[in-house]
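Reader: Could you take me through this model by question and answer, giving the cut-off behind each term as it comes up?

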Amino acid sequence: MYAIDPEHALVPLFVRPKYSDTLQQVGTGIFIDFQSQPFLFTAAHVTDNLEQGELLVPVYGGIHPIDGYVGYIDLLPGMSRNEDEVDIAYYRLNTEFARLMCAHFSPFPQTRCMLFRSALELSVCSVYGYPASRAKRTQGRYRSETATFRGIAASEEVYNDLNLSPDSSIVIHFHENLAVSPVDGRRINPLSPRGVSGGGIFSWPAGHELAVDWSLTTLVGIFHTYKKTEGLLIGTHLITVFAATQVGKMNGFGGVV
């Protein structure tokens, strides 16, 4: 069964450093059915944690290392991840492992993914994922909760100021000191987006900018950066992730089936 509310397709990602049994929540992934195959989309700086340990997700029977082929867009020589304007990665999940994930999550359908030429076409978007501050460990058990961050899509002037292109990046206004509840419009103190990296950017259709019915939304990008001072959430177009998976497909996803 496919996810109707995106929350059911969002997955908290944990890292277990080498020589340690302690888990730390480091990001979010989107469990998605793409071209009739199971994938987990996330940010590249999240998968960079593989250099120090294992990435794990909740499945039937506990929290286990992700079984699958991981792909991302390489950095240019001498470039750091902080300079990466794309910052996307994906897992082509082992099919049996994906079935185990279905004990807790449902894949997001490809039919609710939207590709577009320019982010200037967007109106109101929400970033949805698992903030690190919501991660708790009680008596050896890990728990977490999702949160959303909604704002107006940026103008071309903002992209120019950031030296980003709306043809590849998505920028959304979100000032913590201006946040209000979508339910009653009252002022709220929102959670920090830290840990939401790799979560989804969802677009609200015209006329439903303040709606709470998440079945109306479409997935348009992957979130990776929060500029708190400027009050901006930044991500990458979904088409970039789709293109990256084609390179993995050419390599047979390392034999993962």
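This is a predicted model: local features need pLDDT of at least 70, side-chain atom pairs count only at pLDDT 80 or more; totals for chains, interfaces and linings use all residues.

Author: Residues are numbered from 1 along each chain as its sequence is written, and side-chain values use heavy atoms, with hydrogens and water left out.

Reader: Which residue of E7 is the bridge partner of Phe39?

Author: Helices (H or I, at least four residues) and strands (E, at least two) are DSSP runs numbered from the N terminus, and two strands pair if DSSP finds at least two bridges between them. Strand E3 (residues 37-42) is joined to strand E7 (residues 89-93) by four bridges, and the two run antiparallel. E3 is also antiparallel to E2, with five bridges, and there Phe39 stands opposite Ile32. On the E7 side, the bridge partner of Phe39 is Arg92.

Reader: How many of the six residues of E3 are buried?

Author: Buried means under 20% relative accessible area, exposed means over 50%, and partly exposed lies in between, with a 1.4 Å probe and protein chains only. Pro38, which is found in E3, counts as buried at 15% relative accessibility. The strand is mostly covered, and its buried residues number five.

Reader: What class of aromatic pair do Phe34 and Phe39 form?

Author: Rings of Phe, Tyr and Trp (its six-membered ring) pair if their centres lie within 6.5 Å, and planes under 30 degrees apart count as stacked, over 60 as edge-to-face and the rest as tilted. By this rule the count comes to 15 aromatic pairs. The ring centres of Phe34 and Phe39 are 5.7 Å apart and their planes stand at 70 degrees, so the pair is edge-to-face.

Reader: How many residues apart are Tyr128 and Trp214?

Author: Tyr128 and Trp214 form a tilted aromatic pair, at 4.6 Å centre to centre and with 45 degrees between the planes. Tyr128 lies in strand E9 (residues 124-129), whereas Trp214 lies in the loop between strand E14 (200-204) and strand E15 (218-227). Both Tyr128 and Trp214 are buried. The pair thus links distant parts of the chain, with a separation of 86 residues.

Reader: Which residue of E12 stands opposite Cys125?

Author: In a regular strand the side chains alternate between the two faces of the sheet. Opposite Cys125 stands Gly151.

Reader: Which element gives the largest share of the lining of the second largest pocket?

Author: On a 1 Å grid over the protein atoms alone, a pocket is an open set of points where a 1.4 Å probe fits, with protein on both sides within 12 Å along at least five of seven lines, and lining residues have an atom within 4 Å of a point. The second largest pocket is lined by 28 residues, of which His45, Asp87, His224, Thr225 and Tyr226 lie nearest its centre. The elements that give two or more residues to this lining are strand E2 (24-34), helix H1 (44-47) and E15. The largest share, five residues, comes from E15.

Reader: What is the relative accessible area of Asp87?

Author: Most residues other than glycine have a negative phi. Asp87, in the loop between strand E6 (68-72) and E7, has a positive phi of about 50 degrees although it is not a glycine. Asp87 is buried, with a relative accessible area of 3%.

Reader: Is Gln35 buried, partly exposed or exposed, and at what percentage?

Author: Gln35 lies in the loop between E2 and E3, and its phi is near 55 degrees, a positive value in a residue other than glycine. The hairpin of E2 and E3 has two residues between the strands. In terms of accessibility, Gln35 counts as partly exposed, at 37%.
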